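Here's a quick walk through the structure below, chain by chain. Have it open as you read.

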Amino acid sequence: MLENVFQCAFRARNFMWLLAVTALTACGPAPVAQGINDPYEQTNRNIHQINLAVDRNVVRPVSRLFGDGDGFVLRRAKNFAGNLSVPGTVVNNLLQLRIADAGQNTLRFAVNSTFGLAGLFDPAGTLGVAPKPTDFGETLHVWGVGEGPYMEVPLVGPSTARDTLGTAVDLVINPTNLLPEPEVYVGVAAKLASRLGDRARYSGTVDSILYDSADSYAQTRLLYLQNRRFELGKGKPADAATGFVDPYEDPYGQ
Amino acid sequence: MDNDFSQLSRRRFAAGLALGSVALALPLPLRALTVDEARGLVDRVVGDINKVINSGRSETAMYGDFERIFSKYADVPVIARSALGVAARSASKAQMAAFTKAYQGYLSRKYGKRFREFIGGKIEVTGAQPIKSYYEVISMAYLQGEQPFEVRWQVSDKSGKNLFFNIIIEGVNMLASERAEVGALLDKRKGDLDAMIADLQTAI
């Protein structure tokens, strides 16, 4: 009897939660922002200089230890870290009411955690079940929260107010945080290795943006905002997100 | 969302931009471009690029192949003028000619280096649509060890020939990036166009 009451209460609570989420998503996503909203540019530029110094003195030299960033061991670390992040992704899929994406990610997690030997391999990907990445920043977007000012976060890099909040929330809501002590650290180490591996793998591109640009801050900002808006806009024409001008119609882009 | 620089690069930004420098000019009679023609152009460019990236030639040789493709088929004058932005209005004819020439070499070197990242990959055209006065051809790039990503090619016949004038990789717009970069280069030289032209000839 008591059990039943609890069960009912539990269900009701879940139902209320679902209602709340439905209500939020019913408002529709925020319009994808245009232009550059950077009221804290000077602060951001100072942080950019710090991030550049960290990259130049620590991240880039250390990443060189990973060779081309595509070795067998590194791939396993990358897959492992990626797999551990999937439960958090599924939480966000659900909060966005993107049930098909949640299902696809759950299937990936089930297949890769078992047949993929705890996520070291990606048999799901081989079978054509592609990842459906998302994050709490996107969840906020789906709930109608605007982009907010651009910001560069120390040690993290380019972001917006909304995405910074999203990143912080993602750190907290990932269910794999609940793993016992040693396993949690293995996950963190794998993630760190996978990040450094990416820095090595894309060093040519990253270096050209950070060190060969006349204004690496402006290039990083533009790149981040355009790419992020593209992700959130899901297939909308590129013009809408980037404020592109036709060079034949308006040769000087005024 | 991982917001670090590596994540940005995962979008293969610069690698894709390299492709953007490539354009196909067909000596078609002067008439309006159609969706099928725009698509056909990209099919042919993509075919050429795929041939080069899978030719097994040395990287240096491929770099030369791509640079040749770029210099032959890109609508360089329009890209250059757009990248220069408002400064192009006050530039003299001679300055524009000098800038366009220097900028073409600069673009070739800057993005040509990136082509090696496409070795062993392929690009497939998936669709085309008219947008305002030009066409956008949509393709997917499949690179080794990467999730496929979208590359959009913008094609126009306004120059009298069918040419690419822009490329957009997962939302990242080559012309927009170039406008920001050239603007910054000019600012650094306090708006001195001649100084920038001189520097572009040796940059990268």
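## Chain A at a glance

Starting at the N terminus, chain A runs through its elements as α-α-α-α-α-α-β-β-α-α-α-α-α. That comes to 11 helices and 2 strands. Bear in mind that what you're looking at is a predicted model.

Of the 254 residues in chain A, 44% are buried.

Have a look at A:His48, which sits in helix H2 (residues 41–63) of chain A. Is A:His48 buried or exposed? With a relative accessible area of 1%, A:His48 falls below the 20% cut-off, so it counts as buried. Now pick out A:Leu155 as well: 107 residues separate it from A:His48 in sequence, while their C-alpha atoms are 9.2 Å apart in space.

Next up is A:Leu97, in the loop that links helix H3 (72–95) to helix H4 (99–114) of chain A. A:Leu97 isn't a glycine, yet its phi is positive, at about 60°. Its relative accessible area is 32%, which lies between the 20% and 50% cut-offs and therefore makes A:Leu97 partly exposed. From A:Leu97 to A:Gln226 you go 129 residues in sequence and 25 Å in space, C-alpha to C-alpha.

## Helix packing in chain B

Over in chain B, start with helix H5 (residues 76–84) and helix H7 (residues 93–112), which pack at an angle of about 100° with 9 Å between their axes. Since angles of 65 to 115 degrees count as roughly perpendicular, that is the label for H5(B) against H7(B). On the H5(B) side, the contact uses B:Val76, B:Pro77, B:Ile79, B:Ala80, B:Arg81, B:Ala83 and B:Leu84. H7(B) brings B:Met96, B:Phe99, B:Thr100, B:Tyr103, B:Gln104 and B:Leu107. Sort the residues of this contact by class and you get 10 nonpolar, 2 polar and 1 charged.

H7(B) also packs with helix H8 (residues 174–188) of chain B, here at an angle of about 115° and with the axes 13 Å apart. The H7(B)–H8(B) crossing is right-handed. Here B:Phe99, B:Tyr103, B:Tyr106, B:Leu107, B:Lys110 and B:Tyr111 of H7(B) meet B:Met174, B:Glu178, B:Glu181, B:Val182 and B:Leu185 of H8(B). What classes do these residues belong to? There are 8 nonpolar and 3 charged residues in the contact of H7(B) with H8(B), and no polar ones.

Is B:Glu170 buried or exposed? Its relative accessibility is 13%, under the 20% cut-off, so B:Glu170 counts as buried.

## How confident is the model?

The scores for the model are ipTM 0.77 and pTM 0.81. For chain B, the mean pLDDT is 77, with 80% of the residues at 70 or more.

Where does pLDDT stay under 50 in chain B? That's residues 1–31 of the chain, a stretch for which the model has 123 contacts beyond four places in sequence.

How values were computed
Residues numbered from 1 in each chain as written. Chains lettered and ligands numbered in written order. Predicted model: local features only at pLDDT ≥ 70, side-chain atom pairs only at ≥ 80, totals over all residues. Heavy atoms only, no water. Axes fitted to C-alpha atoms, helices over the stretch in contact; angles between N-to-C directions. Helix = DSSP H or I, 4+ residues; strand = E, 2+ residues; numbered from the N terminus. Parallel < 35°, antiparallel > 145°, perpendicular 65-115°, else oblique. Contact = heavy atoms within 4.5 Å. Nonpolar A, V, L, I, M, F, W, Y, C, P; charged D, E, K, R; others polar. Left-handed = near helix turned anticlockwise from the far one by under 90°. pLDDT = per-residue confidence, 0-100. Buried < 20%, exposed > 50% of the residue type's maximum accessible area, 1.4 Å probe, protein only.
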